[in-house]
Amino acid sequence: MKKALITGGARGIGEAVSRALSKEGYYLYIHCNRSIDEAEALCAELGNAEYICADLSERESVKLLAERCGDIDLLVNNAGVALVAPFDSISAESARKMYEINLFAPIELTRAILPAMLKRKSGVIINISSVFGEVGGSCEVDYSAAKAGLIGFTKALAKEVGPTGIRVNCVCPGIIDTDMNGDLTFDDIEAICDEIPLLRMGEAEEVADCVAYLASDRALYITAGVFDVNGGWNG
(Lines give C-alpha, C1' and ligand atoms only; values in the text may rest on other atoms or scores of the structure.)
Protein backbone atom coordinates (compact mmCIF):
# COMPACT_ATOMS: atom_id res chain seq x y z
CA MET A 1 0.00 0.00 0.00
CA LYS A 2 1.35 3.41 -0.95
CA LYS A 3 1.78 5.98 1.82
CA ALA A 4 1.17 9.72 1.70
CA LEU A 5 1.78 12.64 4.05
CA ILE A 6 -0.58 15.61 3.75
CA THR A 7 0.36 18.66 5.78
CA GLY A 8 -2.61 20.59 7.06
CA GLY A 9 -4.62 17.54 6.08
CA ALA A 10 -7.51 17.79 8.54
CA ARG A 11 -9.36 20.88 7.29
CA GLY A 12 -10.20 22.77 4.13
CA ILE A 13 -8.27 21.82 1.02
CA GLY A 14 -6.14 19.43 3.04
CA GLU A 15 -9.15 17.48 4.25
CA ALA A 16 -10.47 17.20 0.69
CA VAL A 17 -7.06 15.97 -0.46
CA SER A 18 -6.97 13.41 2.35
CA ARG A 19 -10.39 12.10 1.34
CA ALA A 20 -9.44 11.93 -2.35
CA LEU A 21 -6.19 10.07 -1.68
CA SER A 22 -7.93 7.68 0.69
CA LYS A 23 -10.23 6.72 -2.17
CA GLU A 24 -7.13 6.07 -4.27
CA GLY A 25 -5.97 3.51 -1.72
CA TYR A 26 -3.21 5.43 0.08
CA TYR A 27 -2.36 4.96 3.73
CA LEU A 28 -2.42 8.50 5.08
CA TYR A 29 -0.34 10.45 7.55
CA ILE A 30 -2.54 13.47 8.21
CA HIS A 31 -0.59 16.34 9.72
CA CYS A 32 -2.28 18.90 11.92
CA ASN A 33 -1.26 21.52 14.43
CA ARG A 34 -4.30 22.71 16.38
CA SER A 35 -7.05 20.83 14.52
CA ILE A 36 -6.62 17.69 16.60
CA ASP A 37 -10.33 16.92 16.99
CA GLU A 38 -10.91 17.24 13.26
CA ALA A 39 -7.88 15.09 12.47
CA GLU A 40 -8.91 12.39 14.92
CA ALA A 41 -12.44 12.27 13.51
CA LEU A 42 -11.20 12.18 9.92
CA CYS A 43 -8.79 9.32 10.63
CA ALA A 44 -11.52 7.35 12.36
CA GLU A 45 -13.80 7.86 9.37
CA LEU A 46 -11.26 7.01 6.68
CA GLY A 47 -9.75 3.99 8.39
CA ASN A 48 -6.30 3.68 6.82
CA ALA A 49 -4.98 6.89 8.34
CA GLU A 50 -3.27 8.33 11.38
CA TYR A 51 -2.69 11.90 12.43
CA ILE A 52 0.52 13.56 13.53
CA CYS A 53 0.67 16.91 15.33
CA ALA A 54 3.51 19.30 14.57
CA ASP A 55 4.09 23.05 14.57
CA LEU A 56 5.53 23.74 11.12
CA SER A 57 6.81 27.13 12.23
CA GLU A 58 9.49 25.28 14.25
CA ARG A 59 12.28 23.54 12.31
CA GLU A 60 12.72 20.77 14.89
CA SER A 61 9.03 19.87 14.62
CA VAL A 62 9.37 19.60 10.85
CA LYS A 63 12.28 17.22 11.29
CA LEU A 64 10.36 15.06 13.76
CA LEU A 65 7.35 14.97 11.43
CA ALA A 66 9.52 13.58 8.63
CA GLU A 67 10.97 10.97 10.96
CA ARG A 68 7.52 9.84 12.09
CA CYS A 69 6.36 9.26 8.51
CA GLY A 70 9.43 7.43 7.33
CA ASP A 71 9.52 6.22 3.74
CA ILE A 72 6.52 7.72 1.95
CA ASP A 73 5.48 7.60 -1.70
CA LEU A 74 3.73 10.95 -1.83
CA LEU A 75 4.23 14.27 -0.05
CA VAL A 76 1.57 16.96 -0.32
CA ASN A 77 2.84 20.24 1.10
CA ASN A 78 -0.52 21.84 1.73
CA ALA A 79 -0.36 23.55 5.13
CA GLY A 80 -0.41 27.31 4.98
CA VAL A 81 -1.48 30.42 6.82
CA ALA A 82 -2.67 33.74 5.45
CA LEU A 83 -1.18 37.10 6.42
CA VAL A 84 -3.44 39.93 5.31
CA ALA A 85 -2.37 43.49 6.16
CA PRO A 86 -0.45 46.39 4.61
CA PHE A 87 3.15 45.31 4.08
CA ASP A 88 4.68 48.02 6.29
CA SER A 89 2.41 47.16 9.22
CA ILE A 90 3.43 43.50 9.58
CA SER A 91 5.81 42.63 12.39
CA ALA A 92 9.01 40.75 11.68
CA GLU A 93 7.89 37.90 13.94
CA SER A 94 4.54 37.50 12.15
CA ALA A 95 6.30 37.48 8.79
CA ARG A 96 8.91 34.97 10.01
CA LYS A 97 6.25 32.53 11.21
CA MET A 98 4.32 32.83 7.95
CA TYR A 99 7.43 32.16 5.83
CA GLU A 100 8.37 29.20 8.03
CA ILE A 101 4.97 27.55 7.56
CA ASN A 102 4.28 28.49 3.94
CA LEU A 103 7.74 28.15 2.39
CA PHE A 104 10.54 26.85 4.59
CA ALA A 105 8.58 23.95 6.13
CA PRO A 106 7.73 22.50 2.69
CA ILE A 107 11.36 22.87 1.62
CA GLU A 108 12.79 21.28 4.76
CA LEU A 109 10.17 18.53 4.87
CA THR A 110 10.96 17.69 1.25
CA ARG A 111 14.67 17.72 2.01
CA ALA A 112 14.10 15.20 4.80
CA ILE A 113 11.95 12.73 2.84
CA LEU A 114 13.80 13.03 -0.48
CA PRO A 115 16.73 10.65 0.22
CA ALA A 116 14.39 7.64 0.54
CA MET A 117 12.68 8.59 -2.72
CA LEU A 118 16.03 8.98 -4.46
CA LYS A 119 17.15 5.59 -3.23
CA ARG A 120 13.92 4.01 -4.46
CA LYS A 121 13.95 6.11 -7.68
CA SER A 122 10.27 6.91 -7.38
CA GLY A 123 8.04 9.32 -5.54
CA VAL A 124 5.73 12.29 -5.99
CA ILE A 125 5.84 15.72 -4.37
CA ILE A 126 2.96 18.14 -4.80
CA ASN A 127 3.16 21.68 -3.46
CA ILE A 128 0.04 23.77 -2.88
CA SER A 129 0.80 27.36 -3.80
CA SER A 130 -1.76 30.06 -4.67
CA VAL A 131 -2.94 32.29 -7.46
CA PHE A 132 -1.22 35.08 -5.53
CA GLY A 133 2.07 33.25 -5.94
CA GLU A 134 1.64 33.87 -9.66
CA VAL A 135 0.15 37.36 -9.82
CA GLY A 136 0.64 38.85 -6.34
CA GLY A 137 -1.99 40.17 -3.99
CA SER A 138 -2.32 43.64 -2.48
CA CYS A 139 -2.04 43.52 1.33
CA GLU A 140 -0.75 39.94 1.00
CA VAL A 141 2.81 40.74 -0.05
CA ASP A 142 4.62 38.29 2.25
CA TYR A 143 2.06 35.57 1.54
CA SER A 144 2.44 36.13 -2.21
CA ALA A 145 6.23 36.05 -1.95
CA ALA A 146 6.18 32.78 0.00
CA LYS A 147 3.81 31.16 -2.47
CA ALA A 148 5.88 32.41 -5.41
CA GLY A 149 8.91 30.84 -3.76
CA LEU A 150 7.06 27.54 -3.63
CA ILE A 151 6.52 27.70 -7.39
CA GLY A 152 10.22 28.34 -8.00
CA PHE A 153 11.12 25.52 -5.63
CA THR A 154 8.82 23.16 -7.52
CA LYS A 155 10.29 23.93 -10.94
CA ALA A 156 13.93 23.74 -9.82
CA LEU A 157 13.56 20.55 -7.80
CA ALA A 158 11.61 18.85 -10.60
CA LYS A 159 14.53 19.45 -12.97
CA GLU A 160 17.05 18.16 -10.45
CA VAL A 161 15.30 14.92 -9.50
CA GLY A 162 13.54 14.20 -12.79
CA PRO A 163 16.24 11.79 -14.01
CA THR A 164 15.51 9.55 -11.01
CA GLY A 165 11.81 9.28 -11.84
CA ILE A 166 10.58 11.53 -9.02
CA ARG A 167 7.90 13.97 -10.10
CA VAL A 168 7.35 17.41 -8.54
CA ASN A 169 4.35 19.58 -9.36
CA CYS A 170 2.55 22.59 -7.99
CA VAL A 171 -1.17 23.40 -7.70
CA CYS A 172 -2.30 27.02 -7.46
CA PRO A 173 -5.84 27.41 -6.11
CA GLY A 174 -7.77 30.64 -6.53
CA ILE A 175 -10.40 31.67 -4.02
CA ILE A 176 -11.72 28.47 -2.49
CA ASP A 177 -14.70 28.10 -0.17
CA THR A 178 -12.80 27.20 3.01
CA ASP A 179 -12.35 28.61 6.51
CA MET A 180 -9.27 30.55 5.34
CA ASN A 181 -11.65 32.83 3.41
CA GLY A 182 -14.25 32.84 6.17
CA ASP A 183 -13.56 36.48 7.07
CA LEU A 184 -14.65 37.72 3.64
CA THR A 185 -18.00 39.49 3.56
CA PHE A 186 -20.71 38.67 1.04
CA ASP A 187 -19.81 41.87 -0.83
CA ASP A 188 -16.12 40.90 -0.86
CA ILE A 189 -16.91 37.50 -2.35
CA GLU A 190 -19.30 38.97 -4.90
CA ALA A 191 -16.69 41.50 -6.04
CA ILE A 192 -14.03 38.80 -6.42
CA CYS A 193 -16.37 36.44 -8.26
CA ASP A 194 -17.20 39.21 -10.72
CA GLU A 195 -13.53 39.05 -11.80
CA ILE A 196 -13.56 35.26 -12.26
CA PRO A 197 -14.69 33.96 -15.67
CA LEU A 198 -16.59 31.07 -14.02
CA LEU A 199 -18.25 33.62 -11.68
CA ARG A 200 -17.92 31.58 -8.48
CA MET A 201 -15.62 30.42 -5.72
CA GLY A 202 -13.96 27.04 -6.10
CA GLU A 203 -14.61 24.01 -3.95
CA ALA A 204 -11.91 22.22 -1.98
CA GLU A 205 -12.82 18.99 -3.76
CA GLU A 206 -11.95 20.56 -7.10
CA VAL A 207 -8.42 21.25 -5.89
CA ALA A 208 -8.21 17.75 -4.42
CA ASP A 209 -9.20 16.19 -7.75
CA CYS A 210 -6.23 17.93 -9.39
CA VAL A 211 -3.88 16.71 -6.65
CA ALA A 212 -5.16 13.14 -6.90
CA TYR A 213 -4.65 13.17 -10.67
CA LEU A 214 -1.09 14.48 -10.39
CA ALA A 215 -0.32 11.83 -7.79
CA SER A 216 -1.61 9.02 -9.99
CA ASP A 217 -0.02 6.97 -12.73
CA ARG A 218 -2.18 8.89 -15.19
CA ALA A 219 0.28 11.76 -14.77
CA LEU A 220 3.54 9.86 -15.17
CA TYR A 221 4.84 12.29 -17.83
CA ILE A 222 3.93 15.43 -15.90
CA THR A 223 6.51 17.21 -13.77
CA ALA A 224 7.64 20.80 -13.09
CA GLY A 225 4.06 21.86 -13.80
CA VAL A 226 2.07 24.69 -12.23
CA PHE A 227 -1.64 23.94 -12.37
CA ASP A 228 -4.24 26.65 -11.89
CA VAL A 229 -7.49 25.73 -10.16
CA ASN A 230 -8.97 29.19 -10.07
CA GLY A 231 -11.87 29.48 -12.50
CA GLY A 232 -9.70 31.46 -14.95
CA TRP A 233 -9.03 34.26 -12.45
CA ASN A 234 -5.50 34.97 -13.68
CA GLY A 235 -6.07 34.02 -17.32
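Predicted model: local features only at pLDDT ≥ 70, side-chain atom pairs only at ≥ 80, totals over all residues.
Which side chains meet in a salt bridge of 3.8 Å, N to O? They are those of Asp-73 and Arg-120, where a salt bridge means a side-chain nitrogen of Lys or Arg within 4 Å of a carboxyl oxygen of Asp or Glu. This pair links distant parts of the chain, with Asp-73 in the loop between H3 and S4 and Arg-120 in helix H4, 47 residues apart.

Residues are numbered from 1 along each chain as its sequence is written, and side-chain values use heavy atoms, leaving out hydrogens and water.

Let us stay with Arg-120. Its side chain also meets that of Asp-71 in a salt bridge (2.3 Å, N to O). Because Arg-120 lies in helix H4 and Asp-71 in the loop between helix H3 (59–69) and S4, this pair ties together parts 49 residues apart in sequence.

Elsewhere, Arg-96 and Glu-93 form a salt bridge at 3.2 Å, N to O. These two are three residues apart in helix H4, so about one helical turn separates them. A network of salt bridges links Arg-59, Glu-93, Arg-96 and Glu-100.

Asn-77 counts as buried because its relative accessibility is 3%, buried being under 20% relative accessible area with a 1.4 Å probe, protein chains only.

How values were computed: Buried < 20%, exposed > 50% of the residue type's maximum accessible area, 1.4 Å probe, protein only. Helix = DSSP H or I, 4+ residues; strand = E, 2+ residues; numbered from the N terminus.
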